[in-house]
Amino acid sequence: MSSLEHHDTIRAVVWNDGALRLLDQRRLPLSESWLDCHSANDVATAIRDLVVRGAPAIGIAAAWGIVLAARQGVDLDAAIARLRAARPTAVNLMWALDRMRARIAAGTDAAALEHEARAIQAEDLAANRRMGELGAALIAPGAGVLTHCNTGSLATAGYGTALGVIRAGFAAGRIARVYAGETRPWLQGARLTMWELLRDRIPAKLIADSAASHLMKAGAVQWAIVGADRIAANGDTANKIGTYQIAIAARHHGVKFMVVAPSSTVDMRTATGRDIEIELRDPGELFALGGQRIVAAGAQAWNPVFDVTPHDLIDVLVTERGVVGNPDADKMRAEFGA
Ligand code: MRU
């Protein structure tokens, strides 16, 4: 078994003979169960409810949702609108639907749409492998790294973005210690990233989100490596809530901050981070742990699930096209066009 196969064993979005099978991420790691989607509406609901999550994965799932709609002969504009509205922040969702819409406008049939969805999925996997190599090459041997949320195989076509760099860096002997923040309130780090790393036999330690600054002060990590949901034209980056405070702490402690995302996450039509819509979810997500209410009845909460890291806190942006150091509007335009 090559080291790549050894550290890349998970697939969460699977096209299976006319249905889309999704590994149900609400139930991991306690149960590995699959949900079958038979219509675009099923897929939109699965995206909204976080059965499938992570920016590239929801784009891929939405593309397959359009294939399902085309096979059933339902109104494709309505299917695109429904899928587009499922979640607002990750631009990969809109990007994948725009790509499917362009094929529809060119007059293609369901088989050609299936080909396009398959291409979107395959290109994402290839991009992740490339970003893994590019990102890992920046890390000096023996480093400790901190990651946030889940950016692995579960969040992508496979291998992952930030977690892909960690997979590649571990396989190359560059990364010696991995820390994952638990990522309140939905616990993507505790439930999903730790599951992926354990399964692929990459040793890692879970930390409470609030331990990040203390970890950096102790000198345990040299890099913070995160993914992205939307990167604006000036390099400002929306990612899981808590990323911004990690970037601030990293700069304070001289820890390098790396964003890893495919070019499908770059949105040159959004000028700055201020223009990115931040998803607000049900405050109820903050009131319970493991299904058990822990907050006094009558309490209120504010639950933004993404934040924006200003571009000047980002040391490197890694996409499949290459590495951009200290991204700003000029460098973004040079790399990604207008
Ligand atoms: O709410 P989620 O779990 O969909 O948020 C996911 C993230 O914020 C990830 O860091 C991002 O989508 C990149 S995944 C490769």
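This is a predicted model: local features need pLDDT of at least 70, side-chain atom pairs count only at pLDDT 80 or more; totals for chains, interfaces and linings use all residues.

User: Which domains does the assignment give?
Analyst: Domain 1 covers 3-127. Domain 2 covers 132-336.

User: How many residues of each domain are in contact with the other?
Analyst: On the domain 1 side, 38 residues touch 40 residues of domain 2. The domain centres, taken over C-alpha atoms, are 22 Å apart.

User: Now packing. Which residues touch the most other members in the largest nonpolar core?
Analyst: Leu20, Ile47 and Leu83. That core has 43 residues.

User: Which elements supply at least two residues of this core?
Analyst: Strands S1 and S2 (19-23) do. So do helices H2 (40-48), H3, H4 (76-84), H5 (91-105) and H6 (110-136). H3 gives the most to this core, twelve residues.

User: Where does this core lie relative to the domains?
Analyst: Between them, because domain 1 and domain 2 both give residues to it.

User: Back to Leu20. What does Leu20 touch?
Analyst: Leaving out residues up to four places away in sequence, its contacts include Val13, Val14, Trp15, Leu35, Val43, Ala61, Trp64 and Leu68. Asp36 and Cys37 are also among them.

User: Rings next. How many aromatic pairs does a search of the whole structure find?
Analyst: One. The partners are Trp15 and Trp64, with ring centres 4.4 Å apart. Their planes are at 10°, so the pair counts as stacked; the cut-off is under 30 degrees.

User: Where do Trp15 and Trp64 lie?
Analyst: Trp15 is in strand S1 (residues 13-16) and Trp64 in helix H3 (residues 55-72). The pair therefore ties together parts 49 residues apart in sequence.

User: Are those two Trp residues buried or exposed?
Analyst: Trp15 and Trp64 are both buried.

User: Which charged groups sit over rings?
Analyst: Arg191 lies over the face of Trp186, 4.5 Å from the ring centre. Lys240 has its charged end over the ring of Phe306, at 4.3 Å from the centre.

User: Switching to salt bridges. How many does the structure hold?
Analyst: 23. Take Arg167: its side chain meets Glu196 in a salt bridge at 2.8 Å, N to O. That pair links distant parts of the chain, with Arg167 in helix H7 (residues 162-171) and Glu196 in helix H8 (residues 188-199), 29 residues apart. Both Arg167 and Glu196 are buried.

User: What about Arg167 and Asp200?
Analyst: Their side chains also meet in a salt bridge, 2.8 Å from N to O. Asp200 sits in the loop between H8 and strand S6 (205-207), while Arg167 is in H7, so the pair ties together parts 33 residues apart in sequence.

User: How accessible are Arg167 and Asp200?
Analyst: Arg167 is buried, with a relative accessible area of 1%. Asp200 is buried too, at 0%.

User: What is there in helix H6?
Analyst: Glu114 and Arg118 lie there, four residues apart, about one turn of the helix. Their side chains form a salt bridge at 2.8 Å, N to O. Arg118 counts as partly exposed, at 43% relative accessibility.

User: Which residues are linked in a network of salt bridges?
Analyst: Arg87, Glu279, Arg281 and Glu285 are linked that way.

User: Last topic, backbone. Which peptide bonds are cis?
Analyst: Leu28 to Pro29 is cis, with omega about 0°. Arg184 to Pro185 is cis as well, with omega near 0°. Pro29 is in the loop between S2 and strand S3 (34-37). Pro185 is in the loop between strand S5 (175-181) and H8.

User: Why flag those?
Analyst: Because most peptide bonds are trans. Likewise, most residues other than glycine have a negative phi.

User: Which non-glycine residues have a positive phi?
Analyst: Leu50 is one of them, with phi about 70°. Cys149 is another, with phi near 65°.

User: Where are Leu50 and Cys149 found?
Analyst: Leu50 is in the loop between H2 and H3. Cys149 is in the loop between strand S4 (143-147) and H7. Leu50 counts as buried at 4% relative accessibility, and Cys149 counts as buried at 8%.

Note on methods
Residues are numbered from 1 along each chain as its sequence is written. Side-chain values use heavy atoms; hydrogens and water are left out. Rings of Phe, Tyr and Trp (its six-membered ring) pair if their centres lie within 6.5 Å; planes under 30 degrees apart count as stacked, over 60 as edge-to-face and the rest as tilted. Buried means under 20% relative accessible area, exposed over 50%, partly exposed in between (1.4 Å probe, protein chains only). A charge sits over a ring if NZ of Lys or CZ of Arg is within 6 Å of the ring centre and within 35 degrees of the ring normal. A nonpolar core is a set of buried Ala, Val, Leu, Ile, Met, Phe, Trp, Tyr and Cys residues joined through side-chain atoms within 4.5 Å. Domain bounds come from an automatic or database domain assignment. Contact means heavy atoms within 4.5 Å. A salt bridge is a side-chain nitrogen of Lys or Arg within 4 Å of a carboxyl oxygen of Asp or Glu.
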